[in-house]
Amino acid sequence: MEAEKYLELLSENFPNIPAVSTEIINLKAILNLPKSTEHFLTDLHAEDEAFQYMLKTASGVIEYKIDQAFDLSQAEKNELATLIFYPEEKLEKLKANQAKLGAAEYQKFLNQIIKLSKDVSSIYTRSKVRKALPEEFAYIIEELLHLKKDSKNKKDYHDQIVKTIIEIGQAENFIISLAQLIQTFAVDKLHIVGDIFDRGPNPHKIMDVLKNHHDVDLQWGNHDILWMGAGLGQKALIATAVRISLRYGNLELLEEGYRINMRPLARLARNYYQDFKGEIFCPKLIERDINDQDKDISAQMQKAIAIIQFKLEGQLIKSRPEFKMNEALYLEKIDYKRGILTLNEQEYPLIDNHFPTIDPKNPYQLNEQEQEVIDHLSNSFQNNDRLQEDIRFIFNNGSMYKKYNGNLLFHGCVPLKQNGDFAEIEVEAKKVKGKKLLDFFQDVVRHSYSTKTKRKDKRDWLWYLWRGEYSPLFGKDRMTTFLRYFTDEDDKELYQENKNPYYSLREKEEICNKILKEFEMDPEQGVIINGHTPVEEKRGESPIKGQGKLLVIDGGISAAYHKKTGIAGYTLIYSDSEMRLISHKPFVSKAEVLKKGTKDTLASKVVKKFEPAKKISDTDIGIKLKDDIKYLEKLLKAYQNGTIKEKYN
Ligand SMILES: O=P(O)(O)OC[C@H]1O[C@](O)(COP(=O)(O)O)[C@@H](O)[C@@H]1O
Ligand SMILES: [Mn+2]
């Protein structure tokens, strides 16, 4: 009965035998197209330029296509590649060198770019290509893309189109449009495995690119949850997001990027910490500089918001005993007169004992001005169109984990016990572990945002996801920010944050297989893809774990990590024929690429080869299409034997 109803419904779209037959033929043909390319990036940490470069170059895919299509010298290849990555700028550069840009040059570039456009779009259906074409030239580009050069007539036709484009002064516009088309089609699906925010200067610029991308999904990272919770008004997270921005010298991001008025915080800082010049709160400035005065005020503001954060965290820990985070109740363990912190009966001297806003009898209480500051920030975060639009996109297009074409993607970990069992936690009177634990948190995040259930208690869980021991996004037993600020380096053992056993156990193939099975994936086919922990290639660490069953693609795009990892990030490309891991050298600037080309910006390694090459029929979409075909065939039968009447109008 159900099935019949469905066929009736289907018949509205395909009312007769020719219509349903056409669709069956079309879908069956699509199943035989090559699998389109997926691109995986992670831990972007607000480095918009490096990110955009990875996206534009499709991590080497475009250069690979150039190599396959043409036999060019390195210089010629650089010229063509940069023309595709930065068409406007490259054309300007070429024009500045007049001798180089005549009809012959335009013709050469147009021919090259048309050929590449054909190559990259050949694996897509005509209708998909048509949708991506720039409106103004859609018809003519479509003609060019589908022309086969096999007959003399067709070649003449093609040459005439190119000639006319040049004659009517449209060569540059065509080059720009086609370059964009190549960038779009080199990669079909983009996956961002978490951590768009923090440390770098421009998360909002990354968000602009993602919001305009044709097909992207996100797996939430701990730094994303931080900003999502902050956007929802979770005050401990707001304080943390502001503190981290100040710590990395990103006052401008707050004030100009998201237009958050920081004056109330500056006033608080001036009031209580004006004479304070603590080194420890100095902004970390990576490849950026600010003057001494700004540095001082920024340090004072960082301290002011840090104290607010620690107070709010204390309140939260006390009101949510199920978080089991009493260990982090530092403010009540301080002897403020002596400047001593007592932990596990051991005394630690504080390197900074200036706490003018703390009442030792009631250390988590915000004073009046602090309360005003956080209320004001909370208002600005929640009533900020730009930030709200960005976090809405992250809520709507993100998830705790993603199963896609046989692979399992998540940012941090699936919490494990030392013996390899899934770690279990009790939440809301339920015990959860493994996949269920991630599903629980996924529901919490969705409920925290849904207008119907927008509840404060759910938002508090976002804070837990940021820094709780069993948070799959965090994956460490504690966050020692307070101790790193206030205790002596000689007591460095206090700073230790211990990673969940997952991080050592994932080296074992059987553990990776167990996790894949827990998520109902086939361990023979799929791999786990993680971000979160920068792989220290420099120290010989490999991004490939568990005999190739797990890939960690955090190579530290973040400038703050280059020294540690020795590279500037990994990306992963999954095409029809291979999975390729790319390690990137630090991206210097667009100007540098335009000058020197892209040689030596990356090294790559094939981690999996597929023979025969994968087709759409082997993908998730393929499974869905096969199902669609099954029903279309039933409908066709129903028309043939008359159980459903054909309609013609
Ligand atoms: O040096 P900072 O800015 O305090 O950052 C260190 C903090 O960041 C974290 O590493 C989390 O960030 P990541 O997800 O980027 O690793 C914490 O474990 C740690 O406390
Ligand atoms: Mn992370």
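Biologist: Which residues does Leu572 touch, not counting those up to four places away in sequence?
Modeller: Phe40, Ile529, Leu551, Ile553, Met579 and Leu581. Two residues are in contact when their C-beta atoms, placed from the backbone, lie within 7 Å.

Biologist: Before we go on, what kind of model is this?
Modeller: This is a predicted model, in which local features need pLDDT of at least 70 and side-chain atom pairs count only at pLDDT 80 or more, while totals for chains, interfaces and linings use all residues. Residues are numbered from 1 along each chain as its sequence is written, and chains are lettered from A and ligands numbered from 1 in the order in which they are written.

Biologist: OK. How many residues has the largest nonpolar core?
Modeller: That core has 150 residues, and Ile182, Ala304 and Leu572 have the most contacts inside it. A nonpolar core is a set of buried Ala, Val, Leu, Ile, Met, Phe, Trp, Tyr and Cys residues joined through C-beta atoms within 7 Å. A residue is buried if 20 or more other C-beta atoms lie within 10 Å of its own, exposed if 12 or fewer, and partly exposed in between, with C-beta atoms placed from the backbone.

Biologist: Which domains does this core draw at least three residues from?
Modeller: From each of domain 2 (55-189) and domain 3 (203-467). Apart from this core lies another, of 5 residues, among them Phe14, Val20, Leu635 and Tyr639.

Biologist: How is the chain divided into domains?
Modeller: Domain 1 is 2-33 + 618-641, domain 2 is 55-189 and domain 3 is 203-467. The bounds come from an automatic or database domain assignment. Between the C-alpha centres of domain 2 and domain 3 there are 46 Å.

Biologist: Switching to sheets. What is the order of the open sheet of 7 strands?
Modeller: β7-β3-β2-β1-β15-β16-β17, with mixed pairing. At the edges stand β7 (398-399) and β17 (602-609), each with a single partner strand, so one side of each has no neighbour in the sheet. Strands (E, at least two residues) and helices (H or I, at least four residues) are DSSP runs, numbered from the N terminus, and two strands pair if DSSP finds at least two bridges between them.

Biologist: And β1 with β2, parallel or antiparallel?
Modeller: Parallel: 4 bridges join β1 (residues 38-41) to β2 (residues 189-192). Phe40 has His191 in β2 as its bridge partner.

Biologist: What about β4 and β5, in which sense do they pair?
Modeller: Antiparallel, over 2 bridges, between residues 334-335 and residues 340-343. Asp335 is bridged to Ile340 in β5. The hairpin of β4 and β5 has 4 residues between the strands, and Gly339 takes a positive phi near 70° there.

Biologist: How many bridges join β5 to β6?
Modeller: 4, and the strands run antiparallel, with β6 at residues 346-349. Leu343 has Gln346 in β6 as its bridge partner. These strands form a hairpin with 2 residues between them, and Asn344 in the turn has a positive phi of about 45°.

Biologist: Which residues other than glycine have a positive phi?
Modeller: Asp43, with phi near 45°, is one of them, and Glu428, also near 45°, is another. Asp43 sits in the loop between β1 and α3, and Glu428 in the loop between β10 (424-427) and β11 (430-433).

Biologist: Is Asp43 buried or exposed?
Modeller: Asp43 counts as buried because it has 28 C-beta neighbours inside 10 Å. Glu428 is exposed, with 11 other C-beta atoms within 10 Å.

Biologist: Where is the cis peptide bond?
Modeller: Between Glu611 and Pro612, with omega about 0°. Pro612 lies in the loop between β17 and α27 (620-641).

Biologist: Another proline: which helix does Pro87 lie in?
Modeller: Helix α6 (residues 87-96). Pro87 is buried, with 22 other C-beta atoms within 10 Å. Leaving aside neighbours within four places in sequence, Pro87 is in contact with Ile175, Ile176 and Ala179. Ser177 is 90 residues from Pro87 in sequence and 9.0 Å away in space, C-alpha to C-alpha.

Biologist: Last one. Which residues surround ligand 1?
Modeller: Asp195, Asn222, His223, Arg247, Lys476, Met479, Thr481, Glu497 and His532. A residue is near a molecule if its C-beta atom, placed from the backbone, lies within 6 Å of it. The shell divides into 1 nonpolar, 4 polar and 4 charged residues. Ala, Val, Leu, Ile, Met, Phe, Trp, Tyr, Cys and Pro count as nonpolar, Asp, Glu, Lys and Arg as charged, and the others, Gly among them, as polar.
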